Amino acid sequence: MEAEIKEKIVSMEKPHMEAPPDWQPVIMGILCNWCSYAGSDLTGTSRIQYPPNIRIIRVPCSSRVDPWFIIKSLQTIADGVLISGCHPGDCHYISGNYYARRRFLVTKKLLNFVGFHENRVQFSWVSAAEGAKFAKVVTKVTEDIRKLGPLHLYKKENS
Amino acid sequence: MTKLTYFPGCSAHGTSEEFDSTLKLVMKTLGVEMEELPDWNCCGATSAHVMTENLALALPLRNLVLAERLPNKTMGIACASCYSRMKTTKVEMDSHPELAKKINSTIVEEGEYKGVVDVKSMLQFFYEDIGPEAIAEKVVYPLKGLKVACYYGCLLTRPKSVTQFDSPEYPISMDRIMEALGAKPTAFDFKTECCGASFSISDTEIVLSLSGTILEMARESGAHAIVVACPLCQSNLDMRQPDIDKKAGTKYNIPVLYITQLMALAFGYPLKDLKPAKHIIPIEPALAHIGEEIETPEEKKKPRKVVEAESEVE
Amino acid sequence: MDYTKQIQDIAGRLFSEGKIDIFIGYRNTGFDENQVPVLIHQYKDVDQLLFTDKSVFNLANYLKYEHTRNKRVGLIVKGCDSRALNLMLTESQVKRENLYIIGIACEGVVNETGEKAQNCVECMMPDAVVYDELLGSATGKREYQVNADIRELDEKTLTDRVEYFEEIFENCIRCNACRHSCPLCYCAKCCIDQETATLFHGANTTSSAFHALMTWSLHLAGRCVDCRNCEKACPIHLPLHLLHKLNEKVIYENFQEHLAGMTEGDRGAFYKYSLSDPDDFIL
Amino acid sequence: MARVGVFVCFCGANIADFVDVPAVTEEAKKIKEVKYAIEYKYMCSDPGQQMIRDAIVQHRLTSVVVAACSPRMHEKTFRKALSDAGMNPYLLEVANIREHSSWVHQKDKKAATEKASDLIRMAVAKSIANEQLHEISVPVTKRALVIGGGIAGIQAALDIADARIPVVLVEKSPSIGGRMAQLDETFPTLDCSQCILTPKMVDVASHPFIELLPYSEVMELDGYVGNYKAKIKRKASYVNFDTCTGCGACWQKCPVKVPNEFNMGIDKRKAIYSPFPQAVPNKPVIDAEHCTMLLKGKCGICAKVCEKGSIDYTMQDEIVEREIGAVVVATGYDLWDPSPYEEYGVGRYKDIITSLEFERMVSANGPTGGVPVRPSDGKVPKRVVFIKCVGSRDEAKGIEYCSKICCMYTAKHAILLHHKVHDSHAYIFYMDIRAAGKGYEEFVKRAQVETGATYLRGRVSKIYKKGENLMVRGEDAQLGQVVEVEADLVVLATAIYPYKDNPDLARLLGISYDKYGYLSEAHPKLRPVETAKAGIYLAGCTQAPKDIPDTVAQASAAAAKVCGLFAGDTLKKDPMISTVNTEFCTGCQNCVTVCPYQAIVTEEIPLGHGSKEMRIVAKVNEGVCQGCGSCVAICRSMAIDLAGFTDMQIINEIVSI
C-alpha cells in the first residue's frame, strides 16, 4: 500500500491535485494521412470500439508534426498527446517518419525532463491495415493518461 | 629469425617421420626456428568429433592454450587433420565466447584461452609467411623436368569458412611453391578429391576406389609424382597403391612425396635425407626425370577468354 | 591564458594591410575587471583589445547583425564559439571569405565568482575548429560527459522536477535576451514572437515562458555549442543550459552525436537520420 | 468575418444511431463563426449536395464543414459540390464523425455525441484558416527519352512515336538491337530472332518521330516530371555518319583485330567495325582503344580506302541537350560471371562456355556459321551437357533469385543442338523446370520428346578433363546416385544480372535500385512500370529478369504511361504543397537538406527594397513538391508553410476545443 502511494507520488506531476469525479481525459491525436489515419478509418469500418477521449487531427505525414504542436496541445485542452505515423520504411514520402522519429524522441525526453510524465506524450506506428492496432494503442494511451489524472502544468490561463 | 611453434601430431612421429625430418631441414634452410609444443596432446581427429562435440573442442583447445604459453604468435601444424581440428576449434572459440568459456572450464588447470596464437598448416606457412619468391632464392638444385601433381586433400583448404586460405575447390599455393622449386605442376583436377582416409581401416574397398581415381587422374595429367602436405594422404596414396593395382589391374608406380621432401632436395640436401626407404613406391625413378626438357604444346596457344585478350596486328 | 599581445598584433596587422573593416574582440568594461565585446573599426583602437580567461562572450553572435553583414570581419573564437561559427557557415549566415578568424586553443574561462566556468570544466572540444591562425596549443577532443546538473536532476522525482522547473518558467520575464545573445538564433523573424494570437501569446505568463523556452531549446537541439552566452545574458540568471544539455544528452545517447558544428556541412542531429535510430519508445 | 456552414450527415443509421445528430447540429450553431448548420440523411446524395450548394449562395458562406464519413471517402465529392456553387473547393473541411465516432463508440452515445461536436468544432476552426487554393498545372515537354536500344527500348520508342510523340532513343553501342539481336531462334515458337527484330529496328531508324542517338550515353538528367533536361554524350565515332554509305571497305581493309563483343569474343572484329550485318544504323565506328592510328598515329588505311572521305580521326565526344517530359529506362541485362564455380573449371577449360556463347554459335549469322563447335579444337560436339541455375538460386556462390528464362532457353538449346547436329545428345542438369507461360510447358515437353535429351535432376559437383573431353560429375537426385557424363562441350546457363553501371545510372536519374542493381519499381504489384520518381518508367530486364514477351509487354505499358502523362497540355497537380515566405526565410537551407524529392532550391533576392546586396532564400519547385511537410516542421523561422495543412490551420484545430 505504502509502496503504491510512493509509486503514485513518483509517477505523478502533482500528486496533491485530485481529479474531479466526472473527469474525462482529453487526448490530442495527430495522425499521418497515408497510414495511421487510414488505419483509424479501418478501425471504424470494422467497428472496433475504443475509448472516446481522443480528438483526431489529420496531417499529411508524421514529419509534418512540429514539436510545438505537442507543446501547444499540452498547454491548452489536452491531458495527453498521441502521434502516429507509418512504420519505418513505409513512409509515403520515403523518409519523413525517420526525421520525425528523432524529433519525437528528443521532445518526449525534454518534456519528461521538465516535469511531464513520459506517458503524457506517446507515439505509435500504425499502418493502413492495422485497424485493430490503432484501437489497442488508443485504449492504452487513454488508460495511461486516465491513471495520471488531469494535466495542470503550464496550462494557458486564458483557455 | 622467425620463430614457429611446431605441432607434429601423432603421424609425424610415426608413419610420416620423413615429413617431420625433411620439414626440420627445410625450416633450417629457410631460417625458421621451430619449437615443438611441449606436452602436446592428440587433436582428437577423427574419432572425437564423431562422438562428442565438447571433447572434439576440448582436446585441440588444450593444445591452443599450451601454445599461448610460448612467445611465438604462430603454430605450424604438420598434419592436415590436426590442422583442421585446431583451426576449427580456434574459429569456434573466437566466434562463440560463451562456448569458449564452457569448454575452457573443462581444462581450467591449463589456463585461460586468449586466442592470441594463429594456427597454420605448414603449406599455409610456406605460402603466406615465407612466400614462393623467398623459397626460390634458397633453391640450389632446381627440380627442372620433374612434373608433379599437387594433391591438397580435403582438409588443407576446406571448409573455407574455417581455413580462410587459398581456394577450396582449385587451390594453387602448392603449385606455386613447386614452380618456385623449378618443378612443373600439372593440370590436375583432383587436387581436393577425397582419398578415403577415414575409411582407411573400416572399409578399405572405398579407399581403393577413391585413391585409385586420384592416382589415375594424376597419371592422366602426366605427372611423374604426386606431392602432398598431409601424412594421411601420403600413406593412403602410397601404401595402398599395390592393392589398388592388384584390384584394378593397373600399374601406376607413382611415388607420393611430401612437399618438404622436394623442398629439401631443391635446397641441396642429399637424396638419403629424404629417407627413400620410407616409401612403398620407390621415388628414385620419378626423381630421375629432373633435368629433362618438358614439351607443353598447350602453353604456346593464346588464351581464348575475351577479357584478357588484347589486339594483335597482322 | 593571455593572448592580448598576439591579438593586438594580429588585429593591427589586419587593419594596416587593409584586410578587414571590423575587428570583433574584447575590451575592459572600464569599471571592473570584467570584459565586454567591442567592435573596432580602425587601427588606432587595437590597443583596447585584450584576451584573458575573462573573455567569456561568444563573439560569433555579432556576425548575425546588420552592421557586420557583408563586411570583412576579423574575430576571436574559442572552441565553442568556433563551432557556433561553423554552424553559421553551414547554414550560410556568413561568408567564410569575409572572415579572418583567430582561433583559440582555449584553457577555459572563469565565471563571475572567479573559478573555472562549468561549461569549461566539462568542455569536450576546447580548440577552435575553424580559424585562419590558432593561438595556444591544441589539446583535441575529449570524451563526452553528462552535465553535472543534469545528472543531479535526473535523480530527482518527477514531482520535484516539476517544482524546480515551474519556478524557472515562472521567473522568466520573456525579455528574449537569451535569444539575442545566441549566435544560432539569427532568424529575421523568430517564431516565438510572431504576433498571431492563437499561435502564441506574447503575454508574459508561465505558460508562454514554458512555450517559448521549450520551442527555443528544441530549435537549438543538436546545434547548441554550450557557449552559455544565453545564460550570461539572462538578467535573472535562469539555468538555461539545462534544456540544451538535456537535448545534447538525449541526442548523444540515442544518435551517438555530440559536439555540434565540428565540421562545416554538418547541420546537426535533426537534419539527418539513421535507419537504426531507436524505435522502442514507439508503440 | 468568417461565415461557416456546417452540414451534419446521418449517413442513414450509420451515424444517427450512435450520435445524437440534432444535438450535434445545435452545438455547431453555438460556434460564433457558424452562420448556418443543418443535418440531413445522406449529405453525399444529390439532394444533400444541393442543400450545400444552396446554403453557400443563400448564407454567403466563406467556408463549409461537412460532418460525415472520412474525408478519404467523400472529400472529393463535397469539394465538387463547392466548386459547382462557385466556391473554391479547398474551403471545405470534413469532420469525420462516422469512422472516428459513431462506428467506434457504439456503446456510449453521449460520449460519441460530444466527440462528434468537438470534431466539428475543430473542423470549423480549421476551415476558418483555409485559403483559396488552385490546382497547379505544370507545363509538359512532349518528348520522351528512351535509354537503351534493346527490344524493350525499341518497343517503347515505337509505341510512343506511333502516338505522334517525339522520342529520343539513346543506345550506348554502335547499333540498336541489344541482346535479342544476338539470339538465334526464340522460344516457345522457334521463330528466328533476327526475322522479327530487324523490321522493328528498321522502323526505328525510319520513324519520323524517333531521333536515334547510337553510340551515346546519358550523362545528366535535371528537372522534374514533364520538364526534364537531359545531357547526352555522343561518343566520337570518328566516322561521319552523314556521308558514310556503310559500304564496308574500311572494315574489310582494317588490319587490327579485336575480340568481337557481339559474338561473345568467339571470333574477331576489326578496330573499325559495325557490330553485325543487320546493324541499325549500319555505319561503322572506330574503336579508339584499339585503332593504331588513334593510339600510335600509324596506319590510316580506313581513311585511304574510304571513297567518301568519311573518316575523321580528329572527331571529339560531343554533348547534346534535349528537353524531355518523360523517361523510359530499358538498359537490359548482363551475364553473371560464373568464375566462382571453380569446381567446374570455369576459365580453365575452353570447352565450357556460357549459354550466350552457345547461342552465338548456333545462330545462322554467328561466327561458326550456325554449327556449334568446341572452342578447343573446332570439332563438332556430339555430347553436350547443359547445366542450369549456374549462379541463379544459389545463395552460397551466386544469387538468390531465379533468372526466369534459363529453363526455357536451355530447352530451346537442346532443340537447336538437335537440329544442327542430328546425331548429338543433350544432357541437362536442372533443379526444377519452371515453364510458366503460354505454350512454355508444351515447349519443354517438345524438347524432351523431339530431341530425347536426358534431363537429370540435380546439381553438378565437379567437371574435370579426361583426355580430350570433360567429365561432368553430378547427382541424379531422382535415382539418388552420383552420375558422371562424358561431354564434348559444357554449356552453363549463367544467371541474368544487371549491368554493373546500373546503380550509377539510377543515381544520375534519381531513382532507387535493389541490392543487385536492378532498378526498383514504385510498387511490386500495382505500379510495376513506374519508378518512385514521377515521369520515369522502367521496361525490360533492367527491372528484373524477363523473357521477350514480358519485356515487350512492359515496354508497351511504359509507353502507355508516357502517352497518358502527355495527354494534356499541362500536368494537373494537387495544390497542397509547400510555399516559402521569403520575408521570414533565413536561407539556412535545412529544408533543402530534408526534402525527400529535392523539390527545394535556393534563389538570390535583394536584401531589401531596391538594395544591391543579395541574400539567399529557399524556393519550392511546385512541380516536384509532393506536400509531405517535412520542410515545414524543421523550418525554425516558420518561413515555409504547407497549403491545406498550414500551422495556422492545425493550431486552430488544437486550440478550438
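**Chains A and D**

Start with the contact between chains A and D: 33 residues of chain A and 34 residues of chain D take part. Keep in mind throughout that this is a predicted model.

Now colour the chain A side by element. Helix H2 (33–45), strand S2 (54–59), helix H3 (67–75) and helix H4 (96–113) of chain A each give at least two residues to the side that touches chain D. Which element supplies the largest share of that side? Select H2(A): six residues come from it.

**Chains C and D**

Move to chain C. Here 16 residues of chain C are in contact with 19 residues of chain D. The chain C side divides into seven nonpolar, six polar and three charged residues.

**Helix H6 of chain B**

Select residues 97–106 of chain B, which form helix H6. Show side chains for B:Ala100, B:Ile103 and B:Asn104, the buried residues of this helix. Turn the view to look down the axis of H6(B): the buried residues fall within an arc of 105 degrees, so they line one face of the helix.

**Helices H10 and H14 of chain B**

Next, select B 173–181 and B 259–266, which are helices H10 and H14. Their axes are 10 Å apart, and the helices pack at an angle of about 20 degrees. Angles under 35 degrees count as roughly parallel, so H10(B) is roughly parallel to H14(B). The crossing of H10(B) past H14(B) is left-handed.

Show the side chains between the two. From H10(B), pick B:Met174, B:Ile177 and B:Leu181. They meet B:Ile259, B:Leu262, B:Met263 and B:Ala266 of H14(B). By class, this contact has seven nonpolar residues, no polar and no charged.

**Backbone stops**

The last selections concern backbone geometry. Most residues other than glycine have a negative phi, and most peptide bonds are trans. Four places to check follow.

- Zoom to B:Arg158 and B:Pro159. The peptide bond between them is cis, with omega near -5 degrees. B:Pro159 lies in the loop between strand S5 (147–151) and helix H9 (160–163) of chain B.
- Go to chain D and select D:Phe187 and D:Pro188. A cis peptide bond joins them, and omega is about -5 degrees. D:Pro188 is in the loop between strand S8 (185–186) and strand S9 (191–192) of chain D.
- Select A:Tyr154, in the segment after helix H5 (131–148) of chain A. Phi is positive, about 50 degrees, although A:Tyr154 is not a glycine. Is A:Tyr154 buried or exposed? A:Tyr154 has 25 C-beta neighbours inside 10 Å, so it counts as buried.
- Finish at B:Asn253, in the loop between helix H13 (241–248) and strand S8 (256–258) of chain B. Phi of B:Asn253 is positive too, near 55 degrees. With 14 other C-beta atoms within 10 Å, B:Asn253 is partly exposed.

Definitions and conventions:
Residues are numbered from 1 along each chain as its sequence is written. Chains are lettered from A and ligands numbered from 1 in the order in which they are written. This is a predicted model: local features need pLDDT of at least 70, side-chain atom pairs count only at pLDDT 80 or more; totals for chains, interfaces and linings use all residues. A residue is buried if 20 or more other C-beta atoms lie within 10 Å of its own, exposed if 12 or fewer, and partly exposed in between; C-beta atoms are placed from the backbone. Helices (H or I, at least four residues) and strands (E, at least two) are DSSP runs, numbered from the N terminus. The arc is that of the directions from the helix axis to the C-beta atoms. Two residues are in contact if their C-beta atoms, placed from the backbone, lie within 7 Å. Ala, Val, Leu, Ile, Met, Phe, Trp, Tyr, Cys and Pro count as nonpolar, Asp, Glu, Lys and Arg as charged, and the others, Gly among them, as polar. Axes are lines fitted to C-alpha atoms, for helices over the stretch in contact, and angles run from 0 to 180 degrees between N-to-C directions. Angles under 35 degrees count as roughly parallel, over 145 as roughly antiparallel, 65 to 115 as roughly perpendicular and the rest as oblique. A crossing is left-handed if the near helix is turned anticlockwise from the far one by less than a right angle, and right-handed if clockwise.
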